[in-house]
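Hi,

Here is the structure I promised to pass on. Have a look at it first, and then read on for what turned up.

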Amino acid sequence: PHHKLLVGLIGAGIQRSLTPAMQEEEARHHGLRLHYQLIDLDTTKSGPELLPTLLTAVRTMGFAGLNITFPCKQAVIPLLDDLSDEARAMGAVNTVVHRDGKLIGHNTDGSGWSWNFKRQLPDADLSRVLLLGTGGAGSAIAHAALRMGVKELRLYDVDPARAKGLAAELNRLYGAGRAVAASDIAAGIADATGLIHATPMGMDKMPGLPLAEELLRPELWVSEVVYFPIDTALLKAARAKGCRTVDGGGMAVGQAVGAFRLFTGREPDAGRIDAHFRRL
Ligand code: NAD
């Protein structure tokens, strides 16, 4: 096609996002002209309340699609025409496709996370896993983790109602007892085999650890969601304890692979995107 594909990312503090480079480079390999526009709420000092205005612009300007990130993954849902089954189940949208005048919400975070996790730690013990953070990324990962075979998923969030609500939803979808809301981090991690971190702690804007360092044990695998910086305080502390770790970069690649497929209808080369990401 000769026309240019226009896509973008809506979120806060996204100026250093690597997604534009990943999408534009993969498009180039497919002979597609794709422009990836950053729509950063921080630059206009606005928040999710700007979403209706932005989505009207997306419709009128003929965007082919959007990625959606913090803090808009849940707020965008009421503004869309329809959702994929996956996005509906997860209650979070990270990718929007604009086709035939309709905006359809998808979620490639969960599948992106499990694609990368299986690639990095294929033999990980999935018996009892503690998930910190049950927002957009955390809820997507929770669904993906249970689908991938985690037997018992423990959920902890500073907002306990959010963790409880997600646990109830997961048990309804995947079977009673698969998910429990942990009363505190120490209890949830005590006999856990793995830890998944999905809060914003450790980002440049929120430096620090999401849990007390003493709670980490060498037998525990640790999967990080934060990918800017790629090497977070949590990953450093976990490695120092002897834990096997998975960084947030592979999940970012996995979600980009899924989003590219949705935006363009072409099959992306996951290995090529991953190699490019690691060079950025
Ligand atoms: P969100 O705001 O939707 O969810 C964050 C959740 O964490 C909230 O429920 C909040 O209550 C909880 N929380 C905050 N601080 C906490 C703490 N100290 N302990 C326990 N819970 C806490 O945000 P999100 O969109 O889910 O993003 C979270 C992080 O994941 C961000 O750093 C984002 O950049 C990253 N992310 C990475 C990828 C990737 O591909 N690697 C994809 C999506 C998001």
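Let's start with the ligand and its surroundings. Two helices, α5 (136-148) and α9 (249-264), each supply at least two residues of the shell around the ligand. Bear in mind that this is a predicted model.

Where does the ligand sit? You'll find it in the largest pocket. Both domain 1 (5-108 + 252-279) and domain 2 (122-243) give residues to the shell, so the ligand lies between them. There are 23 residues around the ligand, and those that come nearest are G136, A137, D157, R162 and V225. By type, the shell divides into 13 nonpolar, six polar and four charged residues.

- G248 uses its backbone, with an N or O atom 2.9 Å from a nitrogen atom of the ligand.
- V158 also takes part through a polar backbone atom, which is 3.3 Å from a nitrogen atom of the ligand.

How much of the ligand does the protein bury? Taken alone, the ligand exposes 860 Å², and the protein buries 86% of that.

Now for some backbone details away from that topic. Most residues other than glycine have a negative phi, and most peptide bonds are trans. Here are some exceptions to look up.

Which peptide bond has an omega near 0°? That is the bond from F70 to P71, which is cis. P71 itself is in the loop between β3 (65-68) and β4 (82-83). Another cis peptide bond joins F228 and P229, with omega about 10°. For P229, look in the loop that runs between β11 (221-224) and α8 (233-241).

Then there's K45, which isn't a glycine but has a positive phi of about 50°. You can find K45 in the loop between β2 (34-40) and α2 (51-60).

Cheers

Notes: Residues are numbered from 1 along each chain as its sequence is written. This is a predicted model: local features need pLDDT of at least 70, side-chain atom pairs count only at pLDDT 80 or more; totals for chains, interfaces and linings use all residues. Side-chain values use heavy atoms; hydrogens and water are left out. A residue is near a molecule or strand if one of its heavy atoms lies within 4 Å of it. A polar contact is a pair of N or O atoms within 3.5 Å; within protein, one must be able to donate a hydrogen and the other to accept it, and residues adjacent in sequence count only if both atoms are side-chain atoms. Accessible areas come from the Shrake-Rupley method with a 1.4 Å probe; for residues, only the protein chains shown count as cover. On a 1 Å grid over the protein atoms alone, a cavity is a set of points where a 1.4 Å probe fits but cannot get out, and a pocket is an open set with protein on both sides within 12 Å along at least five of seven lines; lining residues have an atom within 4 Å of a point. A molecule sits in a cavity or pocket if more than half of its atoms lie within 2 Å of its grid points. Helices (H or I, at least four residues) and strands (E, at least two) are DSSP runs, numbered from the N terminus. Ala, Val, Leu, Ile, Met, Phe, Trp, Tyr, Cys and Pro count as nonpolar, Asp, Glu, Lys and Arg as charged, and the others, Gly among them, as polar. Domain bounds come from an automatic or database domain assignment.
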